[in-house]
Amino acid sequence: MQQTKKTELWVGSFVLAGIVAILVMIFQVADVKGLGSSETYTLHAEFDNIGTLKVRSPVKVGGVLVGRVSGISLNTESLLPVVSLAINSKYRQFPETSSVQILTSGLIGEQYIGLTPGFVFDDEAMLVDGDYIEDTKSALVLEDLIGQVLYSVGGTDNESEE
């Protein structure tokens, strides 16, 4: 009787350790850094087309993660998508001349925001919480590019009429 309780205890702890290992792997894959959030400030950008950009997509400067997409909404006046960016507070040195564009990692990979710092002039103001980034470049949609190529190839058949 004592031996079976000891075996059950070992099996139970092994199952518990397996569940903890699976949870750790899930958090690693989902890129969850922790339950607490670091200090951020919000910037906004309006695009013509955001493609398949999602909330929690990365915001990168030269490949370095500086923030995440915190929200996507539709401007009711212009009917264009507005993307909200939560930028880590330690990166507060972006001038107002900075630009953003939607990029794709790989050919058909996930989309992310590429933030390009602008030039700093003598009296250039920095972007602060709630500012809009004016210079934006929309996502390249693969289907649109294929359609343009097919249309341009189909339109080059110039047969002379006699």
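Me: Which helices and strands make up the secondary structure, and in what order do the elements run from the N terminus on?
Reply: The model is a predicted one. Its secondary structure comes to two helices and eight strands. Read from the N terminus on, the order of the elements is α-β-β-β-β-β-β-β-β-α.

Me: Does strand 2 run parallel or antiparallel to strand 6?
Reply: Strand 6 covers residues 111–116, and two bridges join it to strand 2. Within this pair, V59 stands opposite I113. The sense of the pairing is parallel.

Me: Which residues touch the most other members of the largest nonpolar core?
Reply: Nonpolar side chains tend to be buried together in soluble globular proteins. The largest nonpolar core here has 21 residues. Strand 1 (40–46), strand 2, strand 3, strand 4 (81–88), strand 5 (99–104) and strand 6 each give two or more residues to this core. The members that touch the most others are F47, V59, L85, I87, V100, I113 and I133.

Me: Which residues is I87 in contact with, leaving aside its neighbours within four places in sequence?
Reply: I87 is one of the core residues that touch the most other members. Another of these, V59, is also among the contacts of I87. With the neighbours within four places left aside, the list is E39, T40, Y41, L43, V59, V66, G67 and F94.

Me: What share of the contacts with a separation of 6 or more comes from residues 24 or more positions apart?
Reply: The protein has 162 residues, of which 24% count as buried. Among contacts with a separation of 6 or more, the share from residues 24 or more positions apart is 63%.

Me: Which residues form the nonpolar patch on the surface?
Reply: One member, I19, lies in helix 1 (residues 2–29). I19 counts as partly exposed because its relative accessibility is 46%, between the limits of 20% and 50%. The patch has about 790 Å² of accessible area together, and its residues are V11, F14, V15, I19, I22, L23, I26 and F27.

Me: How far apart are the closest N and O atoms of K137 and D135?
Reply: The count of salt bridges comes to one, and K137 forms it with D135. K137 is partly exposed at 38% relative accessible area, and D135 is partly exposed at 36%. The pair qualifies because the cut-off is 4 Å, and the closest N and O atoms are 3.7 Å apart.

Me: Is L79 buried or exposed?
Reply: Most residues other than glycine have a negative phi. R56, in the loop between strand 1 and strand 2, has a positive phi of about 80° and is partly exposed at 44% relative accessible area. L79, in the loop between strand 3 and strand 4, has a positive phi near 55°. Its relative accessible area is 57%, and the limit is over 50%, so L79 is exposed.

Terms used: Residues numbered from 1 in each chain as written. Predicted model: local features only at pLDDT ≥ 70, side-chain atom pairs only at ≥ 80, totals over all residues. Heavy atoms only, no water. Salt bridge = Lys/Arg side-chain N within 4 Å of Asp/Glu carboxyl O. Buried < 20%, exposed > 50% of the residue type's maximum accessible area, 1.4 Å probe, protein only. Patch = residues over 30% accessible without salt bridge, like charges linked within 9 Å, V, L, I, M, F, W, Y side chains within 5 Å. Areas by Shrake-Rupley, 256 points an atom, 1.4 Å probe, with all protein chains shown as cover. Helix = DSSP H or I, 4+ residues; strand = E, 2+ residues; numbered from the N terminus. Pairing = 2+ DSSP bridges. Contact = heavy atoms within 4.5 Å. Core = buried A, V, L, I, M, F, W, Y, C linked by side-chain atoms within 4.5 Å.
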